[in-house]
Amino acid sequence: MEKNKFYITTAIDYTNGKPHIGHVFEKVLTDVIARYHREKGDDVFFLTGSDEHGTKMELLAKEKGVAPKVLVDENVKAFMAMKEKYNLSYDRFIRTTDEDHIQASQELWRRCKAKGDIYLKKYQGLYCAGCESFKKESDLVDGKCLEHDCKPEVVEEENWFFKLSNYKNQIKDLIEKDEIKIIPEHRKKEVLNVLEEIEDFSISRPKEKVGWGIEVPDDPTHNMYVWFDALTNYISGLGWPNDMEKFNAFWPTVTHVIGKDITRFHAIYWPAMLLSGGVQPPKNILIHGFVTSGGKKMSKSTGNVVDPEEALSRYGADALRYFLIREIPTTEDGDFTFEKFDARYESDLANSLGNLVSRVTNIVEKNNIEFQNQDLRIDIKNESEEYRFDKVLEKIWEKVHEANKYVDDEKPWAIKDNPEKLNEVMNNLLNSIKSIGEALKPFMPETSEKILKIFESEKIVKAEPLFPKKLNT
Ligand SMILES: [Zn+2]
């Protein structure tokens, strides 16, 4: 039987700095979903990448006295390195400076233009370079963009506009019917509200203002607005418009995983661009929250920025993956502090799971217990399909605690003179550990592999400690 296809994407990261913990959370979350689907037997295509054009990159390159391409080639390395560091299983890393992406963006533009949805207009507005978007007076506080704490510049220019108004009703209808499914429900309501006040939007900048971008087809005086370019990665990364066989197989199954700050671009602008270009709009948009620290938004001025490298070096990728998914509910904000991270490492990982595996395999080795596979499974389907991965981990850890309690209750060291009973108790424990190892595959791939390896040898021996690192105190 042919496998079900499953296509999943992350947002593409802007390469003007280094990856932060929010980037890591989104990639790990998406990786968990991709791995879950592979375990289910789906044929998965997982795309991530980098957003490399626009004013911010151009200015930064100027500051450093290098060409923008030289800067992005350097900066993208840290983002590509996330694959190995955090054990991400994506299939392609797309860069918006990739030739096939540039071609695809121009092709989508041509199709929207041919449809009559792109027109030239003189425009005056307030432009925030930080947001890479025009602001309304009503978006500003004391004349400043809240997000960037700076006054947007008054910009008067002739730009290409996209007729979003042509698609407003159609998109409203698709969202209401869940044909574009926005998860969670309260974000769907937000989008429907925002949709009411949406207007045509500018999709170009004059080259003299923004020189670092993809050129507008048949207009050498303009570059594409970064969002038009960036959003197109979701189809160019899948081979559109060249590899239509692959595209047609995967695209109808797409799930975009994005942060709550870029909802309107993905749930309104992007579907409209696709409809105009004759491409089906996205199926699912999963919107996650932010990683806070100490209950506050991370910022340099508050001094509560969590460096993912520091978190990684403390206990390795699996522990960090565990913490992020356990502590941050998929669609809400969640908190990262090193105190909480240390506490979970110690209690959930080292003392509970690590201890269980080492004490059980120790007794098994000493008593020459032969493993009899019962093929137990922990059912994580419902929670996983609802993206409640925090609940999945909670459920798996209930099994860990149950197994530890079972050891304490049955006291295998005290029933050595009853080999039949000992064999039964130890096999129940081994099977429980094996089912935990299976269930952990999407979340903690290395730990899962180590646990399942125990069962591959003829004779089970005491396992190496799963979490050997001591607390950093
Ligand atoms: Zn801004």
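Is K416 buried or exposed? K416 is exposed, because 12 other C-beta atoms lie within 10 Å. (Buried takes 20 or more such atoms within 10 Å, exposed 12 or fewer, partly exposed a count in between; C-beta atoms are placed from the backbone.)

This is a predicted model: local features need pLDDT of at least 70, side-chain atom pairs count only at pLDDT 80 or more, and totals for chains, interfaces and linings use all residues. Residues are numbered from 1 along each chain as its sequence is written.

**View 1. K416 sits in the loop between helix 16 (389-410) and helix 17 (419-439).** Helices are DSSP runs of H or I with at least four residues, strands runs of E with at least two, numbered from the N terminus. Beyond four places in sequence, K416 touches N367 and L422. Contact means C-beta atoms, placed from the backbone, within 7 Å. N367 is 49 residues from K416 in sequence, yet 8.2 Å away, C-alpha to C-alpha.

**View 2. The largest nonpolar core has 112 residues.** Such a core joins buried Ala, Val, Leu, Ile, Met, Phe, Trp, Tyr and Cys residues through C-beta atoms within 7 Å. M273, I325 and I433 have the most contacts inside it. Domain 1 (5-288) and domain 2 (339-456) each supply at least three residues; the bounds come from an automatic or database assignment.

**View 3. Four strands form an open sheet in the order 6-5-7-9, with antiparallel pairing.** Pairing requires at least two DSSP bridges. Strand 6 (133-135) and strand 9 (201-202) are the edges. Strand 5 (118-128) and strand 7 (153-162) share 10 bridges. Y119 stands opposite F161 of strand 7.

Key: Two residues are in contact if their C-beta atoms, placed from the backbone, lie within 7 Å.
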